[in-house]
Amino acid sequence: MLTNVPLPLSRVVCSFPPFPSSAPSANGAPAEGKVLPADVLFCKSYGRSLMAPYCDHYMSDFALMGVPKFDFQHFMETDMRDTMRHFEIQDKIASTVCIVADANTMKCNVFCAKPPPPLPAVLESSDVRGGLGSMDFRIEPVTRIPHAPTSVFVDETLHQMMDLAHSGLAAEQCLNYLEDRLYQLHQRSQMLSLIARDQDMIHAYPTLDSIAPLLGLHRSDMSLVLAVCSTYDDTVVDLFENA
């Protein structure tokens, strides 16, 4: 027998930074209808604090923002390099990526920064004359990733979501469909990881194009599946990077 057990009421007793100076409601939250600015949204969600609204210029403090024009490439590349160096102190990362989407032309560019290749062994020894040790002062190159062909999987997913929305399906159900499709994509990446570890399978299907039918995907989807797989299995990328 299922029973609905109500939870006790709660209220906000303290927040940092404090909510905007306005008359709070009975439970201590901001007044109804009050829109919080982006810099205080992490009172409720730290992730939302990284999303800024439309800004008049590029700012390094946010992970998502809207700007009037793309005139900040130099600052963006500097931020990408600084981010890579910061996280290398704790954990080695392969690259940093920034997506620049043009809402007017419906086109996007992907910029990627990777650490420079390791120095030859003869240069890794300490520089006694300069006293610099084995420090590497080379700048990480930032490149624009070439445009990939449109993924059939993504195209079908977006068109199906539009059809569901136009047919009157609730927004929550449309999002459930999107989550199911993303989960399917993750499952395909796991299958690719298993295939890459099977020597017999790799011998029979040496390229991503030949593996695509096994996963029930189009060849245009394989770069996306490989990118998903690279988030947890680096060996797959090394194996198929030239495939």
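Me: Leaving aside its neighbours within four places in sequence, which residues is Leu-215 in contact with?

Reply: This is a predicted model. In it, Leu-215 is in contact with Arg-188, Met-191, Leu-192, Ile-195 and Met-222, apart from those sequence neighbours.

Me: Which residues touch the most other members of the largest nonpolar core?

Reply: In soluble globular proteins, nonpolar side chains tend to be buried together. Here the largest nonpolar core has 17 residues, and Leu-192, Ile-211, Leu-215, Met-222, Val-236 and Phe-240 touch the most other members. Two or more of its residues come from each of α3 (171–196), α5 (208–211), α6 (222–229) and α7 (234–240). Another core, of nine residues, lies apart from it and includes Met-76, Val-100, Phe-111 and Val-142.

Me: In what sense do strands β3 and β4 pair?

Reply: In a regular strand the side chains alternate between the two faces of the sheet. In this structure, β3 (residues 96–102) and β4 (residues 107–113) pair in the antiparallel sense over seven bridges. Thr-96 has Ala-113 in β4 as its bridge partner. Four residues stand between the strands of this hairpin, where Met-106 takes a positive phi near 60°.

Me: How many residues line the largest pocket, and which lie nearest its centre?

Reply: A pocket may be read by its volume, then by its lining. The largest pocket has a volume of about 1800 Å³. It is lined by 43 residues, with Val-110, Ile-145, Ala-148, Ser-223 and Ala-227 nearest its centre. By class, the lining comprises 24 nonpolar, 10 polar and nine charged residues.

Notes. Residues numbered from 1 in each chain as written. Predicted model: local features only at pLDDT ≥ 70, side-chain atom pairs only at ≥ 80, totals over all residues. Heavy atoms only, no water. Core = buried A, V, L, I, M, F, W, Y, C linked by side-chain atoms within 4.5 Å. Buried < 20%, exposed > 50% of the residue type's maximum accessible area, 1.4 Å probe, protein only. Contact = heavy atoms within 4.5 Å. Pairing = 2+ DSSP bridges. 1 Å grid on protein atoms, 1.4 Å probe; cavity = no way out; pocket = protein on both sides within 12 Å on 5 of 7 lines; lining within 4 Å. Points joined across faces, edges and corners; volume = space filled by probe spheres on them. Nonpolar A, V, L, I, M, F, W, Y, C, P; charged D, E, K, R; others polar.
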